[in-house]
Each structure stands twice: as structure tokens, then as C-alpha cells.
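A careful account is wanted, with the cut-offs behind each term.

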Amino acid sequence: IKTLNRNTIVYGHNMGSSDFLMFGKLEKYSGIEGFRAAPVIECNTLYSMMKWKVYAVFITNALPSQDNGYLFNYIFPEMENDDDFARYIAQIDRRKLYTTGVEILPSDKILTLSTCSYAFDDARLVVVARLIRPGESGKVDTSLATLNPSPKYPQIWYTKNGKTNPYQDDEKWYP
């Protein structure tokens, strides 16, 4: 990659208990302590060494049938404009497991790491980070991290956990 998209997406397999293969370590981000242990991700290309501050982590579905016919599309590299980007970030905010204290501006580039999760069949764990801005410190104040009391999950998660989906009547968002 020479030029990053606004949303650069990297997929990798979660090899279960194997912490050192593919994206196995991403599962640690399911809990806030995983974020606190590693709030910055290094993801490099042949052309640039880059660091990214973790912004959000969420669990989503891979099949529309798992969420009343809806599939949250987090895997598109470009948005039409800054308003579309802001609406996308707002959708991530509804789903994130915890708030990290990291902010995203319309001019930022984000990195989306996607892997399978064991939260339910065909679940996806998604870690979203933003590129550290020129001149910005690479430090993250992890004390600002707080749990989201009610993240938006797909219907299958609520069914599996015997809970009522408070978001079942939400408008479906599309990029």
C-alpha cells in the first residue's frame, strides 16, 4: 500500500488459543484491559512505518440472517464526504464495547482490523484505530477508557445470551 484509504481494512484469522498466529491477540481487545495493555497498534507498509491509536472495538455479524436481515457494513475503504464519515463513526460509537478516550476528526485515516470471534457462530471482532497525526504524541491516556453500558450487538448475540434487543427497531444504516 502506497496511499492509505480513509478506512484501511486488514483481515486476519483468529487462530483461537494460539496467541502468536495471525490475529489471535486481537481477542484481548474484547475487554477494556486488553486496550489498556496495548492502546497503540503498529501497522506498517513497505513505504511507511505507522502507529495507530485504538478508537473502538465491537462485535458484529457476518450474515444478514443473524441480525434480522441486516449486515453492518464496516468494510468499505472510502466515504463520499466528511458527513458520511461522521455518520459511519457515529455507528461505530453505538457498537463499541468501551470508549477509549481517543477522538476521530474528519481529516483522520482509520485502520480496521477484522477477525473472527467466538462470541457466536460467524461473529466478527473489529478493532478500529486512527492514524497518529503528524506531531501528535503517541501516548494514550488509558485512564479515560470506560465501558459502554449498552453496546449495540446483532440480534444473534441477544438471542444467544437470553436478552431482549433494545435496538431491534433501530433504523438500518447503510453507507
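Ala123 counts as buried, because its relative accessibility is 0%, where buried means under 20% relative accessible area, exposed means over 50% and partly exposed lies in between, with a 1.4 Å probe and protein chains only. This is a predicted model, in which local features need pLDDT of at least 70 and side-chain atom pairs count only at pLDDT 80 or more, while totals for chains, interfaces and linings use all residues. Residues are numbered from 1 along each chain as its sequence is written, and side-chain values use heavy atoms, with hydrogens and water left out.

Ala123 is placed in strand β6, where helices (H or I, at least four residues) and strands (E, at least two) are DSSP runs numbered from the N terminus. Not counting residues up to four places away in sequence, Ala123 touches Ile59, Thr60, Thr115, Cys116 and Ser117, a contact being heavy atoms within 4.5 Å. Leu131 also lies in strand β6, and, with residues up to four places away in sequence again left out, Leu131 touches Leu4, Met50, Lys51, Trp52 and Lys109.

## Overall fold

The chain has 3 helices and 7 strands, and from the N terminus on its elements run β-α-β-β-α-β-β-β-β-α. The radius of gyration is 16 Å, close to the 16 Å that the globule rule gives for 175 residues, so the chain is as compact as a globular protein of that length; the radius is taken over C-alpha atoms, and the rule is 2.2 Å times the number of residues to the power 0.38. Along its principal axes, the C-alpha trace spans about 45 × 40 × 30 Å.

Buried residues make up 45% of the 175 residues. Among the contacts with a separation of 6 or more, 67% are between residues 24 or more positions apart. The accessible surface comes to about 9,400 Å², of which 54% belongs to carbon and sulfur atoms, with areas from the Shrake-Rupley method and a 1.4 Å probe. As for charge, there are 20 positive and 20 negative side chains, and the centres of the two sets lie 4 Å apart; Lys and Arg count as positive and Asp and Glu as negative, without His and the chain ends, and each charge is placed at NZ of Lys, CZ of Arg, CG of Asp or CD of Glu.

## The nonpolar core

In soluble globular proteins, nonpolar side chains tend to be buried together. The largest nonpolar core here holds 45 residues, of which Tyr29, Ile41, Tyr88 and Ile92 touch the most other members; such a core is a set of buried Ala, Val, Leu, Ile, Met, Phe, Trp, Tyr and Cys residues joined through side-chain atoms within 4.5 Å. At least two residues of this core come from each of α1 (32-37), β3 (51-61), α2 (82-95), β5 (110-117), β6 (123-131) and α3 (155-160), and the largest share, 7 residues, is that of β3.

Beyond its neighbours up to four places away in sequence, Tyr29 touches Gly34, Phe35, Ala38, Ile41, Val54, Val57, Tyr98 and Val127. Tyr98, in strand β4 (residues 98-99), is counted as buried because its relative accessibility is 0%. Outside four places in sequence, the contacts of Tyr98 include Tyr29, Ile32, Phe35, Val57 and Leu147. Ile32 lies in helix α1 and, at 13% relative accessibility, counts as buried; with neighbours within four places set aside, Ile32 is in contact with Tyr98, Ala145, Thr146 and Leu147.

| Pair | Apart in sequence | C-alpha distance |
|---|---|---|
| Ile32 and Leu147 | 115 residues | 7.2 Å |
| Tyr98 and Phe35 | 63 residues | 9.3 Å |
| Leu131 and Tyr29 | 102 residues | 18 Å |
| Ala123 and Ala90 | 33 residues | 21 Å |

## Loop residues with positive phi

Asn68, found in the loop between β3 and α2, has a phi near 55°, a positive value in a residue other than glycine, and at 47% relative accessibility Asn68 counts as partly exposed. Asp122 sits in the loop between β5 and β6, and its phi is positive at about 60° although it is not a glycine. With a relative accessibility of 39%, Asp122 counts as partly exposed.
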